[in-house]
Amino acid sequence: MSLPTGDVIGILADNLRLRKSVLPLPTRVATKWTEGLDLPRGGETVLYTGMMYQLIPYIEGLVKAELKFGDSWLARYTGLGRKVNRVVNISAFMARPSAAERALYNQVPIDVAHLLRRAGVQFGALYEDDLYSGALAYDLGADGVVAEHARRVQVVFKKHGVQRVITIDPHTTTMLRSVYPKVLDGYDVEVRSYLEVLAEKGMTPSARLSGEVAVHDSCVFARYEGLVDEPRELLAAAGLTVCDPENSGRQTWCCGGPVESLYPAKAAANAEKRVAQLRAAAPDAVTMCPMCFVNLSGAAGETMRFKDISQYLREAYAS
Amino acid sequence: MTVLVNPALAAELERSDEFNADACMNCGVCSAICPMGVDVQPRVLFRYVLLGMEERVTAEIEPVFSCLLCKMCEENCPSGVHIAENVRTLRHHLNRTVFGLKEG
């Protein structure tokens, strides 16, 4: 059983409006990845996380709580929870990932920063001003709240003199590149995924990898942004044998993640179907979106190994 | 069976040029390839909108919000229907009319 749809959407939208993220994170958690990298604050080009990777272990904690509460008498009080959440951030209490879970997702922006440096890209970071993009609220149709939040992000970019943004995950990429221009006036920031930047640089691997890996294309990268070739080029140049599963490229099969916040059981069932396709292609699989990673690796359990593409690329190009 | 019709529904949902439910020719490709096997398919929802059957739309909250917005259907739609954006538009409508979500 799921929690009441309207109340869950209300809580997520309230959080974005009041706390700048669908699930607010403490600043020290959101910026942990920058420690030791000595990145300049702001500048013309910045690496922008949109907090997506940092958020995933917290969203997972929330989904687990939702699965537990959805079947209990507490589900009837979700509406009351929404009212309380406007005053006290109760969603934060429900999601408490372990240090190991947080470190796993924090490693991705760290690896991407090292890769960009190895490619000779000059870039800064926005630290506490690296805000969530509003992706989940946009998908849920909370357009007014998202437009208001996008204006905050636009102000931040202007404040730091940002002209070019390098993104990591597909959801932040499509929000900043394809959605913001439709909802903001005078938004002219150039947005590119780090995979596009690295592929264009034509990097030479410093360590050669081997083995077969099944590529799971993100729906958003493949069908929203047309980003299909770059990850394959980078993985193949690193020495890996790229294996395409039954549905790949623009015909990729969704991991189920987009409905996880509302209908976790449906999301899990879809992930199991996709894992079967990937397992038939190769023993290991690569993802390029944190939502795909968490859904598919969770569905696969011990039956196959998943890695974010940044981990393979760091090993090959910036080890 | 009595159905209350709101003839202005389609016009109310046309927030932008991207909403194009009227391009759907009801061929069923979206229904055949939906990864989620959503109970009520986009073509049926869009038909409700075009016919002004607002009560039918508001009765289908779970199918509307179960859509992954993955665009598998849109990628293969022979009529170029903006299925994901159309579904998002329905969500926006339900947020306001059913859930009372205040904007901004």
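**Figure 1. Overall dimensions of chain B.** A compact globule of 104 residues would have a radius of gyration near 13 Å, and chain B agrees with this at 13 Å. The radius is taken over C-alpha atoms, and the globule rule is 2.2 Å times the number of residues to the power 0.38. This is a predicted model, in which local features need pLDDT of at least 70 and side-chain atom pairs count only at pLDDT 80 or more, while totals for chains, interfaces and linings use all residues. Residues are numbered from 1 along each chain as its sequence is written, and chains are lettered from A and ligands numbered from 1 in the order in which they are written. The C-alpha trace of chain B spans about 35 × 35 × 25 Å along its principal axes. Chain B has seven helices and zero strands; helices (H or I, at least four residues) and strands (E, at least two) are DSSP runs, numbered from the N terminus. In chain B, 38% of the 104 residues count as buried. A residue is buried if 20 or more other C-beta atoms lie within 10 Å of its own, exposed if 12 or fewer, and partly exposed in between, with C-beta atoms placed from the backbone.

**Figure 2. The side of chain A that touches chain B.** Chain A holds 15 helices and seven strands, and 51% of its 319 residues are buried. The contact between the chains takes 27 residues from chain A and 20 residues from chain B; two residues are in contact if their C-beta atoms, placed from the backbone, lie within 7 Å. On chain A, the elements that give two or more residues to this side are α1 (5–19), α8 (143–159), α11 (219–224) and α13. The most come from α1(A), which gives five residues. By class, this side of chain A has 13 nonpolar, eight polar and six charged residues. Ala, Val, Leu, Ile, Met, Phe, Trp, Tyr, Cys and Pro count as nonpolar, Asp, Glu, Lys and Arg as charged, and the others, Gly among them, as polar.

**Figure 3. Packing of α13(A) and α14(A).** The axes of α13(A) and helix α14 (residues 290–300) of chain A lie 8 Å apart, at an angle of about 75°. The two helices are therefore roughly perpendicular to each other. The contact involves residues of α13(A), including Ala267(A), Glu272(A) and Arg274(A), and residues of α14(A), including Asn295(A), Leu296(A) and Gly298(A). It has seven nonpolar, two polar and two charged residues. Axes are lines fitted to C-alpha atoms, for helices over the stretch in contact, and angles run from 0 to 180 degrees between N-to-C directions. Angles under 35 degrees count as roughly parallel, over 145 as roughly antiparallel, 65 to 115 as roughly perpendicular and the rest as oblique.

**Figure 4. Surroundings of Pro245(A).** Pro245(A) lies in the loop between β5 (241–243) and α13 (264–281) of chain A. Pro245(A) is buried, because 21 other C-beta atoms lie within 10 Å. Beyond its neighbours within four places in sequence, Pro245(A) is in contact with Ala214(A), Gln277(A), Leu278(A), Ala280(A) and Ala281(A). Ala282(A) is 37 residues away from Pro245(A) along the chain, with 8.2 Å between their C-alpha atoms.

**Figure 5. Strands β6(A) and β7(A).** Strand β6 (residues 284–287) of chain A pairs with β7(A) in the parallel sense over four bridges; pairing requires at least two bridges found by DSSP. Phe306(A) in β7(A) is the bridge partner of Ala285(A). The covered face of β7 (residues 305–308) carries Phe306(A) and Asp308(A), and the uncovered one Arg305(A) and Lys307(A).
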